Each structure stands twice: as structure tokens, then as C-alpha cells.
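Subject: Structure for your review

Dear colleague,

Please find the structure below for your review.

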Amino acid sequence: MSKLKKLLATTGAIAAMSIAATGAWAQDCPRGDLDARYCDRDGDLIADIPTDESELLDPNPLIFAYTPVEDPAVYKTAWSDFLDHMKEKTGKDIVFFPVQSNAAQIEAMRSGRLHISGFNTGSNPLAVNCAGFRPFTIMASKDGGFGYEMEIITYPGSGVEKVEDIKGKQLAFTAPTSNSGFKAPSAILKSEYGMEAERDFEPAFSGKHDNTILGVANKDYTAGAIANSVLSRMIDRDVVKPEQIVSIYKSQTFPTTGFGTVYNLKPELQEKIKDAFFSFEWEGSSLLEEFSKSGEEQFLEMNYKEFWDVIRKIDAANGVSYSCQ
């Protein structure tokens, strides 16, 4: 088995690990791609809130995690004002959980150890189908614009001036669950350029977008596929300089990180959490200080069925299964 196939198999196994925990197991109800423990009677593609009171959770503290795209320490500070606001709105203590991987984040929610989370673009479908994630908002600019693009980057003098020049060279991805860091570039390279990993170029996995960006800037990787929102924030923080990076491909716009709750929190608690997102005052906050670097200044209401349609299509093109067993 190739290194790439081994990594994909291992990551899939971790993200889809079956947990012997309490909750609604196989039921006679409509569910689409959802795991057997969930139902989707209203057809919105996300897990219904249980109607059995015994299955509902009202935890204290509430555990919050942000997608591990960059250094978790940066984001613990960035989210501090928002989490104080959520504490006030819910009456619960809020703990920031610095997850180290997308798979670990999904598994934490599936096992009941994570209650509120922002899952990255590519992990949203897995989190929805395997962990009972109910996303309801994304970050957006003041005028309502949202999303980011996948870019393939290299460094000046690398010998790579266009996508075709990657043939025979190395291309860094982030993780198999990442949309811009793996799924989208894999589908685009195959459909638009007839190029596949290990046959036409050497794939490498950096683990995170910032690792890929730093690796390219420091010439450790010949090229890399990244989310340009992360690149913008890193340039703004002076972690890398614009002249260290050359972009050779830019995709269509994708939805950014989706935020929501686990399905089995008490309905009134889920409403309080939603209110915390939509009533938060960004002006002068630690959240604005960090995310304005990528043009994000408010929480925009969204629905998974519509906003993630393009991502589900990319997954289908890559043969991705949402099976959790």
C-alpha cells in the first residue's frame, strides 16, 4: 500500500471510529448519509435534536474548539472575548479545547467531549454525518461576503511557474479531511490537469495550512495547496512576507469554517448558544483583531444543505464516503 493510501486509510479510521457511548443508536427513521445513531426527519441533512429527554445533554462546562488550521495558542487568545460573551449568554463556564487535528476534533464531538465547535470546510460533512454536528453560522465580511479560495503556491525560483510544472516534483497538502488542503486540489488537479498524486507528483502532508505555507516560504516544499484566508492572516502577522510566496492557481470561492453545536444539547441551550454568536459585538474585540486580517467581521447565518453543496460534490468527485463504521 502506498504512503498516501495508508495515510488516508488511517485518517478515515480515526475520524470514523465507532464509540460505545450513550445516545440514539440505529433507529427506524430517515437519515440519508447520517450515521445510524441520528435521524433526519425534516430533510435538512443534519441530525435532528432528540425528542427523548433522557438523550439530551445540559453540560457545565461547555467545551469549545476551533479548527486546528494554525497555532492553537493564537486562537485561545483570539476567542477569549467571544467565550466570555457566551458564558454570559448561557450561564455556563466555557472551556477552549486546543485540538491538534481534524480527526481528533470530530472524534471528540462524536464521543460527547466537545459541545460547540468550528469545523473547517472539508471536515464539516464528516462532522455532520459522523458526530451529529449542527452547523448554523460562518464568519463573513461586513457587507455579507464570505468564503476563501484554495491556492497552489510555490516560492520564487522554484522552477514552478504553472500547475503543469508540478509534474515530477513535490506538492504539500495539509490533511486528508481538509477541503483546500487536500480534497479540492486533488479533484481539480485530476479533472483539469489529468494529474494524480504519486503518479505525477510526490505528495507530502504538513498537518496544517500554516505548516505548508511556512514550508513553501522556507523552500522545504516545492509547492503547496492552502486556504488563502490563512495566508492573509500570516502575512498580516508578519509570519511570512508576500515576496516569499508565488501563487500559480486560485480556485472558486468556498464556504469557510462552519460553527455549530452537537445535536443532543438541550434545545433551549442550543438557542442560547446561537444567540451568543449572533448578538456578539465584534467592534474592539479580540475576535475582530485576529479575523479582520482575512476580512471577517461578523457571524452570518447559514444552512449546511445549501452552503456545503459544492463541498459534498468535491467529496463525491474524490470518492469520499461518510460512513462512520
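Two strands are said to pair if DSSP finds at least two bridges between them; helices (H or I, at least four residues) and strands (E, at least two) are DSSP runs, numbered from the N terminus. This is a predicted model, in which local features need pLDDT of at least 70 and side-chain atom pairs count only at pLDDT 80 or more, while totals for chains, interfaces and linings use all residues. Residues are numbered from 1 along each chain as its sequence is written, and side-chain values use heavy atoms, with hydrogens and water left out.

Strand β4 (residues 133–140) is joined antiparallel to strand β11 (residues 298–301) by four bridges, with T137 opposite E301. Five bridges link β4, again antiparallel, to strand β10 (residues 258–262), where G258 is the bridge partner of I138. Eight of the eight residues of β4 are buried (under 20% relative accessible area; exposed is over 50%, partly exposed in between; 1.4 Å probe, protein chains only).

Beyond its neighbours within four places in sequence, F277 is in contact (heavy atoms within 4.5 Å) with residues including F82, F136, T137 and F299.

Yours sincerely
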